[in-house]
Every structure is written in structure tokens, then in C-alpha cells.
Amino acid sequence: MIRLKVGPYSLRGTSLGGIHTAIQVEELGLLFDVGYFSRGFLSADTIFISHGHADHLGALGTLLGARGLYGKPPPKIFFPAAIEGPFFETIHAFQKLQRYDLSIDAVPMEPGDEIQLQGDLWVRAFRTFHSIPSLGFELFRRVQKLKAEYQGLQGHEIRQLREERGAALFEEVDRSEIAYATDTLARVLDHEPRILKSRVLILECTFLDARKPPSEAHKGGHIHIEDLLIYAHRLENEHLVLMHFSQAHSPEAIRELVSKRLPQDLLERTSLFLPQGRHWPL
Ligand SMILES: [Zn+2]
Ligand SMILES: [Zn+2]
């Protein structure tokens, strides 16, 4: 289990390209992908599935079975509407095999869909660029912000104005908290410039050296670190979390390659979703 603290958020889970990816955000009670199961994930009642590859949803049956065992309510599962048919067939097949109810609260999403989660927390789905239909997810808070013309006023002045003008003092703004984009080409950063400013950007970076050059990485719909360098000066995130590395690179080699390649300013804001130690655990 990998644990990483980024700003106010605690991430835990695992991610190894082609093998398994599941990343829980503990504070928000949600899970990105279910390519792996851990009992700790039972506290996540909201699940986002990026696409239908087994390394991203292969452990869904285990998760649903365990939730049944613990008497947990049906989880809310957001997934690409493009895979709705086979997705439900998979759930039904698990139900037939287990012979008990594995119901879920299913929310198929199209790119651009926005749905309220809880309180001021929202999710927006966006298109990612992979070999099969896939989605990224942006979590944002819709908050009231003092309009620019009133900023700089003293507290008592704001209170007085609020009594006179009420809500007209404020405007609604979307504050992007976390964006998750895996199994995608880097062009997602051109199509979704909002995520360049997300507080935390969790982004795949599957390949890192010349053994799989960018042209080869792109054929599978993946990012090479060379691609990332092109966008480095545009990434304004407080925290960049790189994940979904290929097992062609050991954790030790990944740390070394990333620290050599990323510019210092970005490197200081970058965390690697990697296990401790030099090798991938068996
Ligand atoms: Zn993958
Ligand atoms: Zn994939």
C-alpha cells in the first residue's frame, strides 16, 4: 500500500501500469479506479472508474462482495457512459456467480457532465485520450467569493454592504481541488486547461526512457516523460502526483529518472505514487 500526503489530502492505494491502479482520497471518501482491492477502500462510498481496462476495474467484484459482507450500502459508481452495456453485464455476471445482491448506485457520465457529490463538492467528467473510451475526473468546490471590486474592504465595511446588498456582493466560483487523468495522451492538458490549475493533479506518466520512445507510448495511449516536459512550464498545480508507471522501470529508477528530467520548480511540487524501496513488491 502506497501512502502519500498532498496538501490537505491523504492518498493511499497502489498504481502499476497494466497491473493495477486504485487510489483512495481518504478525506473525501472516494476512490479512483478499482484495479486492486484493500479493506481500507470500504470507507470509500464513491468510486470513479476511468475506463474498462482490467488494471482499473478488475477488483470491482472483490470490492462489491466485501461491501456486502460488511453490510455497506450500494456504492455510488461513476463511469464512462460509453461502456454502460458491458459494465452492467459484468456486475450482473458477478451477481449470478455470487448469488446475492451486488447492487450499485450507477452514474454513467459523458465528457462535460457535472454532478454534485456532497455539500459544495462537485465532479466534472472530461475526455481523456486512450485506446478505448475513457474519462478523467475533476473534483471542485463551488464556493461564494467576494467580487473583485469589494476585495480589500475592511470586515465592518463588508458587513454593512452585505446588509444593504445581500448576495450581490458575492459571485460563485469553481475551485478545482483534485483532477485525475490516467491512461491518456498528454494532449488532455490542451483540451482541459482547467486541470493545469487544479490544486492536486494526479496524472499518469507510464514511460520514462528510450526503451519505449514517445511514439511507442502514444500507440498505447500513454504519456512519456518527454511529453510532460513540453507542458512543464504550464503546470500551475500546487501538487503534481505522477502514477501508473510501467513495470519496465523500478521504483528506484523512476525516482532517479524523474529527478534528472523535471525542471527544479516542477520537481519541488511533484510527488511519485510509488512504494518505498527499490523494487516493485511481488
Ligand atoms: Zn492502465
Ligand atoms: Zn488502459
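This is a predicted model: local features need pLDDT of at least 70, side-chain atom pairs count only at pLDDT 80 or more; totals for chains, interfaces and linings use all residues.
The secondary structure of the protein chain amounts to nine helices and 14 strands. For 282 residues, a compact globule would have a radius of gyration near 19 Å, and the value of 20 Å computed for the protein chain agrees with this. The C-alpha trace spans about 65 × 50 × 30 Å along its principal axes. Buried residues account for 35% of the 282 residues. Of the contacts between residues at least 6 apart in sequence, 59% join residues at least 24 apart.

One open sheet consists of seven strands in the order S1-S2-S3-S4-S5-S6-S7, and its pairing is mixed. The edges are formed by strand S1 (2-6) and strand S7 (105-109); each has a single partner strand, so one side of each is left without a neighbour in the sheet. On average, and with direction ignored, neighbouring strands of this sheet are turned by 20° against each other.

Within this sheet, strand S2 (residues 9-16) and S3 run antiparallel and are joined by six bridges. Arg12 has Gln24 in S3 as its bridge partner. Three residues lie between the strands in the hairpin of S2 and S3, where Gly18 adopts a positive phi near 80°. Strand S3 (residues 20-25) is mostly covered, with five of its six residues buried. On its other pairing, S3 is joined to strand S4 (residues 30-32) by three bridges, and these two strands also run antiparallel. Ile23 stands opposite Phe32 in S4. The hairpin of S3 and S4 has four residues between the strands, and in this hairpin Gly29 has a positive phi near 60°. A parallel pairing is found between strand S6 (residues 76-80) and S7, over five bridges. In this pair, Ile77 is placed opposite Ala106 in S7.

Another open sheet, again of seven strands with mixed pairing, has the order S8-S9-S10-S11-S12-S13-S14. Strand S8 (114-118) and strand S14 (270-272) stand at its edges; because each has a single partner strand, one side of each is left without a neighbour in the sheet. S8 and strand S9 (residues 121-127) run antiparallel and are joined by four bridges. Gln118 has Leu121 in S9 as its bridge partner.

Among the helices, H3 (residues 84-98) has 15 residues, which at 1.5 Å a residue should span 21 Å; the end C-alpha atoms are 21 Å apart, in agreement with that expectation. The number of buried residues in H3 is one of 15, so this helix lies largely in the open. Arg99 follows H3 and has a positive phi, near 60°. Helix H4 (residues 155-165) also lies largely in the open, because the number buried among its eleven residues is zero. The residue that follows H4 is Gly166, whose phi is positive, near 60°.

Helix H6 (residues 214-219) includes Pro214. Pro214 has 18 C-beta neighbours inside 10 Å and therefore counts as partly exposed, since a buried residue needs 20 or more and an exposed one has 12 or fewer. Apart from neighbours within four places in sequence, Pro214 makes contact with His224, Glu226 and Asp227. The C-alpha atom of Pro214 is separated by 35 Å from that of Leu28, a residue 186 residues apart from Pro214 along the chain.

The largest nonpolar core contains 64 residues, of which Val34, Ile202 and Val241 touch the most other members. When residues up to four places away in sequence are not counted, Ile202 touches Ile23, Ile178, Ala179, Tyr180, Val241 and Met243.

Methods: Residues are numbered from 1 along each chain as its sequence is written. Chains are lettered from A and ligands numbered from 1 in the order in which they are written. Two strands pair if DSSP finds at least two bridges between them. Two residues are in contact if their C-beta atoms, placed from the backbone, lie within 7 Å. The expected span of a helix is 1.5 Å times one less than its number of residues. The radius of gyration is taken over C-alpha atoms; the globule rule is 2.2 Å times the number of residues to the power 0.38. A nonpolar core is a set of buried Ala, Val, Leu, Ile, Met, Phe, Trp, Tyr and Cys residues joined through C-beta atoms within 7 Å. Axes are lines fitted to C-alpha atoms, for helices over the stretch in contact, and angles run from 0 to 180 degrees between N-to-C directions.
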